[in-house]
Amino acid sequence: MARTQRAEGGGQRAEALLEATGLQVRAGPTLAVRGVDAEFRAGELTAIIGPNGAGKSTLLRALLGLSPLDGGEVYLEGRPLREWSRAERSRRLAYLAQSEGLPNETRVRDVVTLGRGAGEWRWGLIPARPWSHADEDAVDAALDRTDTRQFEERRVTELSGGERQRVALARALAAEPQMLLLDEPTNHLDLAYALELLRSLRREVDAGLGAVAVLHDLNLAARADRLLLLHHGQVMAAGTAGEVLTPEHLYLAYGVKAEVIERGGRLVVVPVD
Ligand SMILES: Nc1ncnc2c1ncn2[C@@H]1O[C@H](COP(=O)(O)OP(=O)(O)OP(=O)(O)O)[C@@H](O)[C@H]1O
């Protein structure tokens, strides 16, 4: 059953594409996500931040429908996620997992091709549905948008860590999802690659994609449109960088004294401990 649309009466922000209400999720014996309410929209980049063990990855997996819920609900386009078929879900939501495993001996172009029709492939590269020009175009566009076409003929083993991450992003984008959920996508990337990844994401978000990224680097997270600060499985703060990245929140969540300064129109977190 569809949920009643709430943003009536001139609300400027678009309706949430993905929404969690009262979400509770176990990870092993631990209640890792405790009563989380959150909304994620098309055309917005949301950063999920918080200390180690705060529940960020558990929340992300629950938003993708990959973990059973202990309570609450996740809605996709206003309808409970559990009512969507796996194929319908994977056409709308793409996931870039932590240390994304790519098939090592596979050509980059073929890896990106795998992003088309996730869950609809049989016997490796034989799609379970007819392959179309639209599929080919989506692969080309994903290679171009991530600047990976230059090595489309190379195998994954012949790429650096940063290049692999771009290929993983291309594979996710090839699915033409409405929302992309990324778990620590800048892990293991040097500063230049990390910024490049954020810039690629920004371009996609400006073109209408919704993106939710778990980020540890608060100065990268400050570039997001909205931030969600988790602590002990609960939302400690949610909103813009200015609303979330305050010395008080950082001290309460991380136990670190920090100054938050503005540089070039962006907030920068500087630990002063
Ligand atoms: N498979 C598991 N079995 C038992 N406990 C788990 C399991 N996975 C996670 N947990 C616990 O659940 C809590 C949340 O873990 P989660 O990985 O979601 O946190 P996180 O914020 O993503 O952490 P990090 O920043 O360290 O990646 C932690 O206390 C963790 O120890």
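Guide: Strands E3 and E10 pair in the parallel sense, over four bridges. The model is a predicted one. Within that pairing, Leu45 stands opposite Ala211 of E10. E10 also has strand E9 (residues 179–183) as a partner: the two run parallel and are joined by five bridges. Here Leu182 has Ala213 in E10 as its bridge partner.

E10 is largely enclosed by the rest of the structure, because five of its five residues are buried. In a regular strand, side chains alternate between the two faces of the sheet. In E10, Gly210, Val212 and Val214 point one way, while Ala211 and Ala213 point the other way, and all are buried.

The buried residues of H6 are Ala194, Leu197, Leu198, Leu201, Glu204 and Val205. They lie on the same side of H6, because they cover an arc of only 120 degrees around the axis. An α-helix has 3.6 residues a turn, so residues three or four places apart point the same way. On the other side of H6, Ala192, Arg199, Arg203 and Asp206 are exposed.

At 1.5 Å a residue, the 16 residues of H6 (residues 191–206) should span 22 Å, and the end C-alpha atoms are 22 Å apart, which agrees. Just after H6, Gly208 takes a positive phi of about 120 degrees.

From here, turn to the ligand. The residues around the ligand include Gly50, Asn52, Gly53, Ala54 and Gly55, together with Lys56, Ser57 and Thr58. Among the others around the ligand are Ala27, Gly28, Thr30 and Ala32. Strand E2 (30–40) and helix H1 (56–63) each supply at least two residues of this shell. The largest share, three residues, comes from H1. By class, the shell has three nonpolar, eight polar and one charged residues.

Strand E1 (residues 18–27) pairs with E2 in the antiparallel sense over eight bridges, and Leu23 stands opposite Val36 in E2. E1 also pairs with strand E4 (residues 71–76), again in the antiparallel sense, over five bridges. The bridge partner of Glu19 in E4 is Tyr75. E4 and E5 run antiparallel and are joined by two bridges, with Tyr75 opposite Pro80 in E5. The hairpin of E4 and E5 has two residues between the strands, and Glu77 in this hairpin takes a positive phi near 50 degrees.

Of its 273 residues, 37% count as buried. Among contacts with a separation of 6 or more, 65% are between residues 24 or more positions apart.

Conventions: Residues are numbered from 1 along each chain as its sequence is written. This is a predicted model: local features need pLDDT of at least 70, side-chain atom pairs count only at pLDDT 80 or more; totals for chains, interfaces and linings use all residues. The expected span of a helix is 1.5 Å times one less than its number of residues. A residue is buried if 20 or more other C-beta atoms lie within 10 Å of its own, exposed if 12 or fewer, and partly exposed in between; C-beta atoms are placed from the backbone. The arc is that of the directions from the helix axis to the C-beta atoms. A residue is near a molecule or strand if its C-beta atom, placed from the backbone, lies within 6 Å of it. Ala, Val, Leu, Ile, Met, Phe, Trp, Tyr, Cys and Pro count as nonpolar, Asp, Glu, Lys and Arg as charged, and the others, Gly among them, as polar. Two strands pair if DSSP finds at least two bridges between them. Two residues are in contact if their C-beta atoms, placed from the backbone, lie within 7 Å.
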